[in-house]
Amino acid sequence: MASGLGMAFDANSMERRETSLPGVLELRPKIFRDRRGFFLETYHQANFAKLGVENHFVQDNHSFSVKGTLRGLHYQLRHPQAKLCRVVEGEALDVVVDIRMGSPTFGKWTSVLLSAEEHNQIFVPGGFAHGFLALTNAVQFLYKCSDFYDSKDERGILWNDPSLNISWGCASPVVSEKDAMNPRLSDVASEFLPQYPSR
């Protein structure tokens, strides 16, 4: 399922746009420009809470990728990480997959084009698998996490799982050996997948 933008909500310096996966949000900042350059607010806890991003972030990560690099699809099971992602150089196709057992959108995906020029962000709740593809010669990708990275808890889903049918737009990306060995979603036992919260 490809992305679709819905209603927009403005909390002072940031606009929220819905995607086709409930809870996964695109955020677009208000940019102040003049002859000196520009200024924007990339994170404000109170304003983001009004937008629906109420997580407490404890770790910031920064990666550099060459064109055609694909990182993902990653998730943590016992220590799920909500992520707030943006790029400060280049463009990346950011992809999110709902892998929560019992979810109405289980196995569906959405995507947002992140651009250093647009300064947009994507919010990924915990319980979703996440990855991105570098679309330009150089991509610097920054993201905040709501829990610490735990190598023993890290898991993955195969980036080109045919059942997901993700439209990456790249048939032969540069993928790590570890990511190339990730299982298909259908091959992951239910106890190793996040659970959709009961109402």
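Helices (H or I, at least four residues) and strands (E, at least two) are DSSP runs, numbered from the N terminus. The structure shown is a predicted model, in which local features need pLDDT of at least 70 and side-chain atom pairs count only at pLDDT 80 or more, while totals for chains, interfaces and linings use all residues. Residues are numbered from 1 along each chain as its sequence is written, and side-chain values use heavy atoms, with hydrogens and water left out.

**View A. The cis peptide bond at L73 and the nonpolar cores.** The peptide bond that runs from G72 to L73 is cis, with omega near 5 degrees, and L73 lies in strand β7, which spans residues 70–76. L73 also belongs to the largest nonpolar core, a set of 20 residues in which L73, V97, I157 and W168 touch the most other members. To this core β7, β9 (91–98) and β12 (128–134) each supply at least two residues. Another core, of 16 residues, lies apart from it and has C85, I122, F132 and A134 among its members. A nonpolar core is here a set of buried Ala, Val, Leu, Ile, Met, Phe, Trp, Tyr and Cys residues joined through side-chain atoms within 4.5 Å; buried means under 20% relative accessible area, exposed over 50%, and partly exposed in between (1.4 Å probe, protein chains only). In soluble globular proteins, nonpolar side chains tend to be buried together.

**View B. The surroundings of Q121.** Q121 has its place in strand β11 and counts as buried because its relative accessibility is 2%. The side chain of Q121 reaches the backbone oxygen of T42 at 2.9 Å. Not counting residues up to four places away in sequence, Q121 touches M14, L25, E26, L27, T42, F48, L84, C85, R86 and L114, where contact means heavy atoms within 4.5 Å.

**View C. Two residues other than glycine with positive phi.** H119 has a phi near 60 degrees, a positive value in a residue other than glycine, and is found in the loop between β10 (109–115) and β11 (121–124). N165, likewise a residue other than glycine, has a positive phi near 55 degrees and is found in the loop between β14 (154–156) and α2 (177–180). H119 counts as buried because its relative accessibility is 17%, whereas N165, at 58% relative accessibility, counts as exposed.

View D. R28, at 21% relative accessibility, counts as partly exposed, and E118 is partly exposed with a relative accessible area of 38%. E26 is linked with R28 and E118 in a network of salt bridges.

**View E. Two further salt bridges.** E15 and R17 meet through their side chains in a salt bridge of 3.0 Å, N to O; E15 is partly exposed, with a relative accessible area of 24%, and R17 counts as partly exposed at 24% relative accessibility. In the salt bridge between the side chains of R36 and D34, the N to O distance is 2.6 Å. R36 counts as exposed at 75% relative accessibility, whereas D34 is partly exposed, with a relative accessible area of 39%.

Methods: A polar contact is a pair of N or O atoms within 3.5 Å; within protein, one must be able to donate a hydrogen and the other to accept it, and residues adjacent in sequence count only if both atoms are side-chain atoms. A salt bridge is a side-chain nitrogen of Lys or Arg within 4 Å of a carboxyl oxygen of Asp or Glu.
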